[in-house]
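Biologist: Could you walk me through the aromatic rings in this model, step by step?

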Amino acid sequence: MIRAVIVMNTQGKPRLVRFYEFQPPERQKELIRSIYGVLSSRADNVSNFFKTDVIFGEDTRLVYKHLATMYFVFVFDSSENELAMLDLIQVFVETLERCFKNVCELDLVFNFTKLHTILDEIVFAGQVVETSSSEIVKAVEEIARKSLSHSLQL
Amino acid sequence: MASSMRGLSVFISDIRNCQNKELERLRVDKELGHIRTRFKHEKGLTPYEKKKYVWKMLYIYMLGYDVDFGHMEAVSLISAPKYPEKQVGYIVTSCLLNENHDFLRMVVNTVRNDIVGRNETFQCLALTMVGNIGGREFAESLAPDVQKLLISSSCRPLVRKKAALCLLRLFRKNPDVVNVDGWSDRMAQLLDERDLGVLTSSMSLLVALVSNNGDAYWNCVSKCVKILERLARNIDIPQEYTYYGIPSPWLQVKTMRALQYFPTIEDPNTRRSLFEVLQRILMGTDVVKNVNKNNASHAVLFEALALVMHLDAEKEMMSQCVALLGKFISVREPNIRYLGLENMTRMLMVTDVQDIIKRHQAQIITSLKDPDISIRRRSLDLLYGMCDITNAKDIVEELLQYLSTAEFAMREELALKAAILAEKFAPDLSWYVDVILQLIDKAGDFVSDDIWYRVVQFVTNNEDLQPYAAAKARVYLDKPALHETMVKVGAYLLGEYGHLLVRRPGCSPKELFAVINEKLPTVSPPTVAILLSSYAKMLLHTQPAEPELQEQIWAIFKKYESYVDCEIQQRAVEYFALSQKGAALMDVLAEMPKFPERQSALLRKAEDIEADTAEQSAIKLRSQQQTSNALVVTDQIPVNGSPPVGQLKLVKIPSQNMETSSFEQRRTETYGAVNKVDPESSPSVDLLGDLLEPLAIEGPPSVLTATEKGQGLEANPNSPGALVLASFSDQPNTVQPTINIAERFSALCLKDSGVLYEDPNIQIGIKAEWKTFHGRLVLFLGNKNVSPLISVQALILPPRHLKMELSLVPDTIPPRAQVQCPLDVVNIQASRDVPVLDFGYKFGTSMVNVKLRLPTTLNKFLQPMTVTAEEFFPYWKSIPGPPLKLQEVVRGVKPLSLPEMANLFGSLHLGISQGLDLNPNNLVASTTFYSDNSRALLCLVRVETDPSDRTQLRLTVASGDPILTLELKELLKEHMISIPSITPTAPQGPMPTPLQLDPPGALSIADDPGALLAALL
């Protein structure tokens, strides 16, 4: 199962944090800091994997993607396939790209509510729920339409 | 959405503009204060504002601040009628609250209405929150509804895929609540689904269900294989589910994962189809330029490899897999290299492929130098897993080489693994010594004491190795900036075996001393202690003494005589005294004898570590591998074929004198030795303790004294079963104790070391240390004969109030040898009962069996203390009378003067408080009793004697525990009355004296000078 999805910038500032098993805020902070510590020390041409037994507990690992100023991080256990997780990050990023057009960090900062909506269409309770980015965009747009129509009514 | 919430955007901007963490905190606090105020006056709050504030709360929470209010508002938004508010409520609730939060209860109904309602978007929101939180209450009230949604034909895939995963989560978290009986058919139906989104979710659900109960879902196997075929052949896969040209890699991966939960696939047709698909995947995957496509195709490929391994395919397919992996570990793409190594490690579990994997050893070693630490770690794991006798030398040497350049984060693991492999698979001992010394040199910080103790053990037990190890140590000691562990092991080896190098250049005693002594000013106290021992050994080995060296060493001993660390001080004083004894030094400081064989602490640790890790491959592998026999710590016959020198020689010497003195020597040696191997204690410390307090084992006795009746010492070669019952007087060949056992026992009750038992064949000594409610006894079993004692058995029969653990007692005690058996005791409760050692051995044809009381008496758990009058009297008065305070007039007491009685109390661990009782004929004592069951208890004792009649006295004992009071009083009585040589005690401990409280008037007040004070007290 996927334990957490974290998007942060290369300064370690979280932009989207989702834990699929409840963690108290102090622990969340600590985890994010430890993960950032590891990521920031990694060069560019290395693998995207890291075991996180010491950070997250036994049998956990992490896949990340470093794009521009952002790190996209998925933490999961041995029931998931590493490369499939990496593909999923790609789906997530491609979906963001479709939703924001030339997505940059600022989009993510100011649209963190939308990030949650998008993520909920990809990962559900720690499991992959949808892998087709066009299906995800469809669902997100449907939600946006609903929100908008309600907003207009206000 | 967000764009329509200006307030949120402004807030985020503000946060972004904060120059530092402090300003950010101020801004956040301000915002939280604002939100709190607005929530307090909720009436004026529009739904829009509420939504905005709740989003802000989530943002603040994400930044790492605790948001401990507003949960109610977030939860209440779930019940809002409109989508935007409802959405915020659901999302924020599932981020902020854990499954046990009380507020969740309030919305169970709303959530249920959303799930069973007709609004699909509401259904999705509700399912998402329930799935993310997964709480028990949700499971109880919602699981059936979620199940209905999943199989409903009227629901859109959008809802059904979420229902599948929601059910999965509820089931995972509360398997007892979610009823999935009879779901195998439904599951099979779900796998017929055409929509790949729903199918992916259903496959995840299947994994969860199968992992819980594999037998129930056999009917799904063929469906899974069909799905795989459909995907692999790209039949009927919609474009949107093709990822970089590959039909849904996730579904392929999940399906193959699900198949790994079935033990095997029996149906030959299904199996054949599956292997066809797998073969296609294995052969048809190439490394391409596009990274994403590469990742996706290899995700499928690695899963296929895992499935092939699981299915235990034919060897041909396996070697095909290893070949593929071998290709992967050398590709440019780091992710593939990483997974190649990881999967190769997993592959080690499969029998028969190790040899194929070994062919890739060179490449794997190259990966140890990969720029990526993740890859280096995988490579280390793999090398560790694949190491055996044939390649240990290469692999360990690579690890050592890498150690010098490895980053700090990996050194510890690296050092430990190298040490383990070196020990397990050493082709020869000198290589092992080389490896460990290099290890200490390169990564001393990570070499635990266990590792260098082990080296010492091997060197001690292998004479051929001793000059080699000493020479090596000599070379290392010349290096600048040595690690302290190297100083320790170097000094130890040179002290013990330096004399073997005497003819080599730079190795005269003086030079050796100089090179070791150079380190003395910079090392820590534990090392100083080892250096001192080493000097003492050097003195021993330079007989006749070299005056100059002797002067230097004595000067050092002198210097440390007043050192603050008492261990060092003691050594200095005692070595100095010993070294002036000339020949006596020879005996005491003789070379260490061989160690008994024992399991390496390191390997034991390694097994623990391996058992802890989820990756079980290493263990399985280890159990298959043959370990090297080179490192067996035992009295092995040296290679040159001559028998070991130590023991046999002793036996051959006919002279009684010689024999005794060699026996003395052997005895002291044994002391040092056996304690030394205790992995938890520093060898040198024990060495000293034992050097200085040897227990006497006398030669064969000339006179046999009579034993007490009832000591249970019988021997009957013909009927071992009847041993205990047989009366020894009927047995002509009875082995009788040569000492008075009861006397010895009584003596041992008052002191901590001495002889417990002795007969013509064996002597059992005992030495004990006590600390609060813990005790550590060491039994010394010394064979006095020139032939071995066999079938040695020692069994402890502990009374209820003690927890005892006796270490393993060897079956055989070699001639003239002594073995030590530590025995740990924990006191649970006050009691006078003592444990019994049921000890037996066979000598020649006679079986000897004795039952010996062990002096683990109540008083051993006392710690004397002296109290002042201010402390004594209030406590004494606060205890009114029975059962906490007991008084008894004791008659028939051994006539003891008051100082003698004070002495006796001192030996019983009672502290006399002088002058507390104004009457000079009385004694007041106090002590603290320790047990595992309660806190430390203060006990007070008062003895009033009658100067005109020393055979009677009045004894009062008080404590906070009635049992303790009684037991302590009885114990004191025993010691005051009993004179062991006259009234031997029964073997199972004295009969408990019935509690008799003499009436206060038993002693006339007029006769009792203490009575006046007693009345006062």
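This is a predicted model: local features need pLDDT of at least 70, side-chain atom pairs count only at pLDDT 80 or more; totals for chains, interfaces and linings use all residues.

Biologist: How many aromatic pairs does the structure hold over all chains?

Modeller: Rings of Phe, Tyr and Trp (its six-membered ring) pair if their centres lie within 6.5 Å. Over all chains, the number of such pairs is 25.

Biologist: Are the rings of A:Phe19 and A:Phe56 stacked or edge-to-face?

Modeller: Planes under 30 degrees apart count as stacked, over 60 as edge-to-face and the rest as tilted. The centres of A:Phe19 and A:Phe56 are 6.2 Å apart and their planes lie at 20°, so this pair is stacked.

Biologist: How many residues apart in sequence are the parts that this pair ties together?

Modeller: A:Phe19 lies in strand S2 (residues 14–19) of chain A, and A:Phe56 in helix H2 (residues 53–56) of chain A. Helices (H or I, at least four residues) and strands (E, at least two) are DSSP runs, numbered from the N terminus. The parts are therefore apart in sequence by 37 residues.

Biologist: Is A:Phe56 buried or exposed?

Modeller: Buried means under 20% relative accessible area, exposed over 50%, and partly exposed in between (1.4 Å probe, protein chains only). With a relative accessible area of 9%, A:Phe56 is buried.

Methods
Residues are numbered from 1 along each chain as its sequence is written. Chains are lettered from A and ligands numbered from 1 in the order in which they are written. Side-chain values use heavy atoms; hydrogens and water are left out.
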